[in-house]
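Below is a short briefing on one chain. Its sequence and structure come first, and the notes follow by topic.

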Amino acid sequence: MLKHGKEHDYMTIIQGFAVFGGMVSTIPWIGTIFAWIPRHKMAENLFTFAKERVKERLPLGESVKDIFSYLLVEDRVTKKKYTEPELVVESLMLSIGGEEI
């Protein structure tokens with residue numbers, strides 16, 4: 001955004017998710033209809049980016065100590081590990097937050 005003086009598409013998507021999330025967070029059951037809502041192409045690209053990062057990172061396991069390595073261990077409370085789709089969502093959130101994965 002600062003280099004070219006215009007807003008990057010990913011920032012527009014992230015801001016849109018924030019507004020959308022704020023509106024629907026008060027309606028818990030609305031998540032069941034998300035599969036039927038058309039997605040923007042750039043939003044799909046963001047999810048594809050997250051999926052690719054997870055596929056690249058998973059083979060390294062816990063040997064590399066980064067924020068992702070903490071997502072790969074069993075949760076102390078639930079005694080469960082994240083599934084791959086859950087890791088993709090977490091990867092997306094980390095990407096949005098600015099962490100390198």
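**Overall make-up**

From the N terminus on, the elements of the chain run α-α-α-α. The model is a predicted one, and its secondary structure comes to 4 helices and 0 strands. Of the 101 residues, 21% count as buried.

- The accessible surface of the chain is about 7,900 Å², and carbon and sulfur atoms hold 62% of that area.
- Among contacts with a separation of 6 or more, 48% are between residues 24 or more positions apart.

**Helix α2**

- Helix α2 covers residues 41-57.
- The end C-alpha atoms of α2 are 24 Å apart, which agrees with the 24 Å that its 17 residues should span at 1.5 Å a residue.
- Seven names make up the buried set of α2: Met 42, Ala 43, Leu 46, Ala 50, Arg 53, Val 54 and Arg 57.
- An α-helix has 3.6 residues a turn, so residues three or four places apart point the same way.

**Salt bridges**

- The structure holds 2 salt bridges.
- In one of them, Arg 53 pairs with Glu 56, with the closest N and O atoms 2.7 Å apart.
- Arg 53 and Glu 56 are 3 residues apart in helix α2, so about one helical turn separates them.
- Which of these partners is buried and which is exposed? Arg 53 is buried, at a relative accessible area of 16%, whereas Glu 56 is exposed, at 52%.
- Arg 57 forms a salt bridge with Asp 66, and the closest N and O atoms are 2.9 Å apart.
- Both Arg 57 and Asp 66 are buried.
- Side chains of opposite charge can pair when their charged atoms come close.

- Arg 57 is placed in helix α2.
- Arg 57 counts as buried because its relative accessibility is 4%, and the cut-off for buried is under 20%.
- Apart from neighbours within four places in sequence, Arg 57 is in contact with Val 64, Asp 66, Phe 68, Ser 69 and Leu 72.
- One of these contacts, Asp 66, is also the salt-bridge partner of Arg 57.

**Nonpolar core**

- The largest nonpolar core has 10 residues: Leu 46, Ala 50, Val 54, Phe 68, Leu 71, Leu 72, Leu 87, Val 88, Leu 92 and Leu 94.
- Helices α2, α3 and α4 each give two or more residues to this core.
- Helix α4 supplies the largest share of the core, 4 residues.
- Leu 71, a member of the core, is in contact with Tyr 82, Leu 87, Glu 90 and Leu 94, leaving aside neighbours within four places in sequence.
- Phe 68 and Leu 72 belong to the core, and Arg 57 is in contact with both Phe 68 and Leu 72.

**Lys 79 and its backbone**

- Where is Lys 79 placed? Lys 79 is in the loop between α3 (67-72) and α4 (84-97).
- The phi of Lys 79 is near 60°, a positive value in a residue other than glycine.
- Most residues other than glycine have a negative phi.
- Lys 79 is exposed, with a relative accessible area of 51%, and the cut-off for exposed is over 50%.

Methods
Residues are numbered from 1 along each chain as its sequence is written. This is a predicted model: local features need pLDDT of at least 70, side-chain atom pairs count only at pLDDT 80 or more; totals for chains, interfaces and linings use all residues. Side-chain values use heavy atoms; hydrogens and water are left out. Buried means under 20% relative accessible area, exposed over 50%, partly exposed in between (1.4 Å probe, protein chains only). Contact means heavy atoms within 4.5 Å. Accessible areas come from the Shrake-Rupley method with a 1.4 Å probe; for residues, only the protein chains shown count as cover. A salt bridge is a side-chain nitrogen of Lys or Arg within 4 Å of a carboxyl oxygen of Asp or Glu. The expected span of a helix is 1.5 Å times one less than its number of residues. A nonpolar core is a set of buried Ala, Val, Leu, Ile, Met, Phe, Trp, Tyr and Cys residues joined through side-chain atoms within 4.5 Å.
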